[in-house]
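Hello,

Here is the structure I promised to pass on. My notes follow below it.

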Amino acid sequence: MKKIGQIVDTRMGFCALLVILFWLKTLFAYFTDFRLGVTGLYQYAILLINPLATTMLVFTLAFYLKRSRFFYPVIMALDVLNTLLLYLNVIYYREFTDLMTIATMTGYSKVDQGLSGSSLALTNIHDIFYWVDIVIILLLMVFRRIKFDPRAISHRLAFAFTSLSVLFFGLNLMFAEFSRPQLLGRTFDRSYIVKYLGLDAFTGYDLLKSQHIDNMRKSATKTELDTVKKFTDSHYAAPNPKMFGIAKGRNVIVIHLESFQQFIIDKKVNGQEVTPFLNSLYHGKDTYAFDNFFHQVGQGKTSDAENMLETSTYGLPQGSLFATLGSDNTFQGAPAILNQRAGYTSAVFHGNVASFWNRNNVYKNLGFQYFFDASYYDTSGDKATGYGLKDKLLFHDSIKYLQTLQQPFYVKYITVTNHFPYELDDEDKDPNFQTTNTGNSTVDNYFVTAHYLDQSLQQFFDYLNKTGLANKSIIMIYGDHYGISNSENEHLAPVLGKSADKWNDFDNAQLQRVPLMFVIPGSGGHGGIYHQYGGEIDVLPTLLHLLGISSKRYIQFGTDLFSPQHDQVVAFRNHDFVTPNFTSINGTIYNNKTGKVAKLTKAQRKQLKKDAKLVEKELRLSDSLNQKNLLRFYTPKGFKRINPKLFNYSNGLKKAKKIEKEKGRKSTSIFSENHDQSTVDDFSTDAPELNHSSTDSNRIKITNPDSGNK
């Protein structure tokens, strides 16, 4: 023991101690928190050694510092920062089943308002292992149990250690290439780089890739835009004549169901329907619903779903398009198209702060004229959850703004209560609804908050029907992304009547279905449940065609779900895909009917290769379009590029500057149609928070919207 202590008292010994401890922490994360898909002895051997090269390279940088008063603080700082990077990835992975990228990190300040509450819920008791070694070492240093070595390491020896680390990394990369050829050139899954090269190597690789994207934007040309347009033109699906224009001139109300999955529809728990109202809509005669509709989000989660809804382009392969590129990109979004083609007024109702996901900037670039964020509502006390105003209150408190918008309008409601960690105050819970008893709080609470969301929707629809607004509108309801992550699906499996032991990647993929319904009251009662496969990328062209607006002139990667030419190959952001007959996951093909690995005919194999190339091409072209901001080179016929400076969301119900210049325009608002009488009292809600709060019909200004909301 004394000999070990003497070794640690040297600079090389102290560095070796930190390297070993961090290596152990990384392996602990690999085997307890990450799921890297390691198979076979060879991959396990690479996994065991991959943290060492980059850890040695980082820590031995301190060897270049001669004075001990610099060496020890710097090497400890490197240890703390590396541990922080590891731990943030652990927390992120628990929620998103993914790894943090540079884009995620740089965009974190734009999404962190709601992540603090989730992060606490994502912690585990074993997390102390990630930090306890640093605490112990610091205490040993304070109490002089570890002594500072005044002897400097020569630069020649320091360079030797750096060279050794680089050589070790080269060997690691060579072994990785044997198992996975072109690992860095053909990366389609971030976990592969971590599995073979380690977390530090992945972060460094991602940093270089991010810089590469910056350079691409600077060198982009119109010719690249022409390539994208040629693809989207050839991919265009003409509208179904029977469906084209059936909602022409109607208001559009989009209801964004947070974390809501298709399996909840018609689901019963303890003999009770989880979402009885949504179920009635789903089977309603005026509802056009889809039961094979998939979310296609990446790391941007909710913001990716919004991007696909508004632009029919994919989110980024890493990070959030809204957070990283949305402030500067050129868009041809739904709000601008509807305003310029059919005179629609546009607005978003969301009970979180405006900066969440950078919405306060992106919405202006999309052409949204109004954004009623948290500062327009009373979010004090128990009225808000970690992600904003509770859903019942959002719908109720938005009426004073909705009723003053000029019709026709395009409005979007973003619900938040059904969001991880699915916490709901006892006063908001339905005492007559009993949830599951799986022993997993995420799964059990998920049904509770989904039930609350269903009640919120029913109250909003009651208002729409009472005021006659429903008959003048098309109400589109969709789920943005999964609610139960893959890591929790094994706990969910028994609730769905499946064995947790037999749950596999195929089941995870099939569970990515989310609802999509177009409710068109008075449309003739010809609704129904449609079985064609589609995804969020297809929503915008479908909606435009229902409104009688052709999507042909715009660059959109989706196709009309009702069109006979609709493309039923649904691409996932990680390049997996699903078709009506097969599901492709990491190159493995499953038969949708059996859920087992498919035995393919030559023709089927040929078609699936063609489908895979299509998925790769459309994702690559969409990435090129967004990463290089290619839309700045193209203005469709009749489209006017959006000037975001025209919009000021802090002005409340004052019109955008351009609209304010219009004179003599007759009001078409609900308020005016109701003879200048408010319709707020037509909204009935049982939200308990309203029993001990006022409902001022004027705008409620929050001095600091960041405080009290989270």
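The surface first. The chain exposes about 30000 Å². Carbon and sulfur atoms supply 56% of that area. Keep in mind that this is a predicted model.

Now the fold. The chain has 24 helices and 18 strands. Its radius of gyration is 27 Å, close to the 27 Å from the globule rule for 710 residues, so the chain is as compact as a globular protein of that length. Along the principal axes, the C-alpha atoms fill a box of roughly 90 × 65 × 55 Å.

Then packing. Of the 710 residues, 57% are buried. Take the contacts with a separation of 6 or more: 79% of them join residues 24 or more positions apart.

Where is Ser303 placed? Ser303 sits in helix H13, which covers residues 302-311. Is Ser303 buried or exposed? Ser303 has 1% relative accessibility, and buried means under 20%, so Ser303 counts as buried. Which residues does Ser303 touch, leaving out those up to four places away in sequence? Ser303 touches Ser320, Phe322 and Trp357.

Best wishes

Terms used:
Residues are numbered from 1 along each chain as its sequence is written. This is a predicted model: local features need pLDDT of at least 70, side-chain atom pairs count only at pLDDT 80 or more; totals for chains, interfaces and linings use all residues. Side-chain values use heavy atoms; hydrogens and water are left out. Helices (H or I, at least four residues) and strands (E, at least two) are DSSP runs, numbered from the N terminus. The radius of gyration is taken over C-alpha atoms; the globule rule is 2.2 Å times the number of residues to the power 0.38. Buried means under 20% relative accessible area, exposed over 50%, partly exposed in between (1.4 Å probe, protein chains only). Contact means heavy atoms within 4.5 Å. Accessible areas come from the Shrake-Rupley method with a 1.4 Å probe; for residues, only the protein chains shown count as cover.
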